[in-house]
Amino acid sequence: MKHQKHTIHTIAAKLAQNGILLALAAAFSFLESLVPLPYGIRLGLSGIITLYGIFILTPADAAAILLLKSLFVFITRGFSAGLLSLSGGMLSLFGMLLLAKLGASLLMTSSMGGLLHNLGQMLTAMLLTGSGGLSFLLPILTISGILAGSITAWIFHLLLQWLPEPFLPARSPQHKTMKGST
């Protein structure tokens, strides 16, 4: 009975934690939509939550939060925006998970995540429109994706310095090496 109580407590704590992270990711996503930037460029602030999922929690947590954030985008901004969020987010997540597993730095992982996010969205937009006419945006979105990913890595690195230890469970040796790098 004691084990069952501990398991229920652990599940409830994990759900609460991921719910808070989802709310933060959704809030960042919504706030970004209020900042008018050209060519669909976004700041990528919800990527901070994805980095937290990848480096501090588990890949499954990161994927669940990302999927639910895309659902939020779908509900609040429509089918196309939701699909763009999902495609960019999933390509970015898989790429960042691979780079993190290979031991890439936080900066490299996040920069490539920003690039892959934009590429995933560009490919989806081309499929939705049935046209390659948007390809002229690739150089702009490549640079902005890398820049946004770099800024996101920097902000995440700063947050790691301020977060109390209970929010930084060292789940892998990767966390220890990532904590000191940018």
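Start with the lining of the largest pocket: 17 nonpolar residues, 20 polar and four charged. Here Ala, Val, Leu, Ile, Met, Phe, Trp, Tyr, Cys and Pro count as nonpolar, Asp, Glu, Lys and Arg as charged, and the others, Gly among them, as polar.

A word on what you are looking at. This is a predicted model, where local features need pLDDT of at least 70, side-chain atom pairs count only at pLDDT 80 or more, and totals for chains, interfaces and linings use all residues. Residues are numbered from 1 along each chain as its sequence is written, and side-chain values use heavy atoms, with hydrogens and water left out.

Back to the pocket. Its volume is about 830 Å³. A pocket here is an open set of points on a 1 Å grid over the protein atoms alone, where a 1.4 Å probe fits, with protein on both sides within 12 Å along at least five of seven lines; lining residues have an atom within 4 Å of a point. Grid points are joined across faces, edges and corners, and the volume is the space filled by probe spheres set on the points.

Now the fold. The chain has seven helices and zero strands. Helices are DSSP runs of H or I, at least four residues, and strands are runs of E, at least two, numbered from the N terminus. Of the 182 residues, 37% count as buried. Buried means under 20% relative accessible area, exposed over 50%, partly exposed in between, with a 1.4 Å probe and protein chains only.

Contacts next, meaning heavy atoms within 4.5 Å. Among contacts between residues at least 6 apart in sequence, 68% join residues at least 24 apart.

Let's walk through α5. It has 24 residues and reaches 34 Å from its first C-alpha to its last, close to the 34 Å expected at 1.5 Å a residue. Expected span is 1.5 Å times one less than the number of residues. N118 lies in α5. Is N118 buried or exposed? Buried, because its relative accessibility is 15%. Leaving out residues up to four places away in sequence, N118 touches L141, S144 and G145. After α5 comes G130, with a positive phi near 70°.

On to α4. The end C-alpha atoms of its 23 residues are 32 Å apart, which agrees with the 33 Å they should span at 1.5 Å a residue. Buried residues of α4 include G88, G89, M90 and L93. L97 is in this helix too, but L97 is partly exposed, at 21% relative accessible area. L97 touches I54 and P59, again not counting residues up to four places away. L97 and F55 are 42 residues apart in sequence, yet 9.0 Å apart in space, C-alpha to C-alpha. G103 follows α4, with a positive phi near 90°.

Last, α3. Its 19 residues reach 26 Å, first C-alpha to last, close to the expected 27 Å. Among its buried residues are D61, K69 and V73. Just after α3, G78 has a positive phi of about 105°.
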